[in-house]
Amino acid sequence: QIRTYSFCDSTDPPCHLMTRLMKLVLVALALPGWANRLRKAARSEPFRQILHNHQDVQYFADFKIGGQGIAAIFDTGSFEIVVRSSRCKHCVHPTTPYDHELSKTYQENGTMTQHVYGSGPCTTMLGFDTVEVGPHLVAAHQPIWEIVEHEIPILDTAKFAAIVGIGPKFGYNSVQKTLLMNYHVDEFSICLNKESGRHGYLTWGANRVAWDAGSVATARVFGKHHWATNLTHISVSKANASSVCRSGCAAIVDSGTSLIAAPASALMELGHIIGQIEEDCSNLHQLPNLKFNLDGQELELPPQAYVMRVVGASVEADSIWDLLFFKPKIRKVDSCMPAFMEMDMQTQLGDVWILGMPFFRYYHTTFNRERQVMQFAKAGDDCEPKSLKAREDGENLVGFASSGATDAAYRPMEIDLKQVLPPRFALQYSKNQKADLEL
């Protein structure tokens, strides 16, 4: 029985009405299951999380493990939560690491394994803890992997301490539920603002925009472990058709990779078609758009998405430099070059292309686990999704500057190679070896 007390004056009907409403709410909360239903309803509301920008090659957001605030890369190219830990006694900790001793909800497991990323390997220990994102997303007893040793130079200076995998399904040879599964999140979206230094967004929950036919491009997901789809053709504007991916390729849409990665043979052909890029970027406005046919849908990227100006006091990042396909013989800073990383891997769909952060600057990308599709909309001024049909003065179908554009529209990305995140599997295999990847 729920007892309420009224402090209303008998001549104040609105007060009595409010009292009755409060009583109904209390009764509803007391009924079995209602509190859980209210919490579930709160979780169903989309939560737009800011992705902080570090030098246009690392985008990180805040979340909690065991009540501790941790900065993380939210990575569509992986599956687990891997976090730099206080257990790592030889680690440099540029940001706060996770400390299991400070958590009231930590449960030890002790299983040891190795995680290998494009930047290098790390030794990790399995445990379980409560993981929170935003005001409503909470997963108790979530598997986490603590880094106890690593050979990942970028972790010594990175703005993040964790990599949070948000792949579509289970990881390789794993039955552990991912964070998306435990959050019951079937749909999320990612977009990065185009302007240098501006943040991006990760939206947890369904996109409420109702699109008509042709307003978004939809691609089926063919991967069991990756957000991968068919890539059936790549060409450039103002040029004859290329043979790149004519026999079929796989495109993995990866929020954890700083640039675009592709096979060496494909990049060699594209290099001939694109033409020379001046060292000072003075001909950026003359370069063509790249056209990608993703599962039958043609999307374009402008030159500023695939050209970078290398900056920094020196170019010392050997592993990343070795991954660059169009690198000059002499390492020079403040010079422009194509922003492609070389990666030769074979899948059931063909050679692998990785569409990394440059792709998210031009396309608001929605990932749907339930329907196994990705949807691409034009990225608006503050990353709001816009119809692909939208036309503006001086713009083509997807809104890239084509005539009367200002110099700002043709500025390349300024990239410090020491901060670049390669694809997770880029350095696992020796050069000139084409490896198999199970999508």
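Guide: Happy to! Let's begin with C245: its relative accessibility is 8%, so C245 counts as buried (under 20% relative accessible area; exposed is over 50%, partly exposed in between, with a 1.4 Å probe and protein chains only). Keep in mind that this is a predicted model, where local features need pLDDT of at least 70, side-chain atom pairs count only at pLDDT 80 or more, and totals for chains, interfaces and linings use all residues. Residues are numbered from 1 along each chain as its sequence is written, and side-chain values use heavy atoms, with hydrogens and water left out.

Visitor: Okay, so which cysteine forms a disulfide with C245?

Guide: That is C249, with the two sulfur atoms 2.1 Å apart. A disulfide here is a pair of cysteine sulfur atoms within 2.5 Å. The link of C245 and C249 is left-handed, with -100° about the S-S bond.

Visitor: And is C249 buried or exposed?

Guide: C249 is buried, at a relative accessible area of 4%. By contrast, C122 is in no disulfide: the nearest cysteine sulfur belongs to C91 and is 9.3 Å away. C122 has 1% relative accessibility, so it counts as buried.

Visitor: What does C91 pair with?

Guide: C91 forms a disulfide with C88, and their sulfur atoms are 1.8 Å apart. The torsion about that S-S bond of C88 and C91 is about 75°, so this disulfide is right-handed. Both cysteines, C88 and C91, are buried.

Visitor: How many disulfides does the count come to?

Guide: The count is 4 disulfides. Another one of them joins C191 and C383, with sulfur atoms 2.4 Å apart. This pair links distant parts of the chain, 192 residues apart: C191 sits in strand β9 (residues 187-192), while C383 lies in the loop between β23 (373-379) and β24 (385-386). Strands (E, at least two residues) are DSSP runs, numbered from the N terminus.

Visitor: New topic! Which residues have the most contacts inside the largest nonpolar core?

Guide: Those are F63, F74, W204, W353 and F376, in a core of 92 residues. A second, separate core has 24 residues, including I252 and M341. A nonpolar core means a set of buried Ala, Val, Leu, Ile, Met, Phe, Trp, Tyr and Cys residues joined through side-chain atoms within 4.5 Å.

Technical notes: Helix = DSSP H or I, 4+ residues; strand = E, 2+ residues; numbered from the N terminus.
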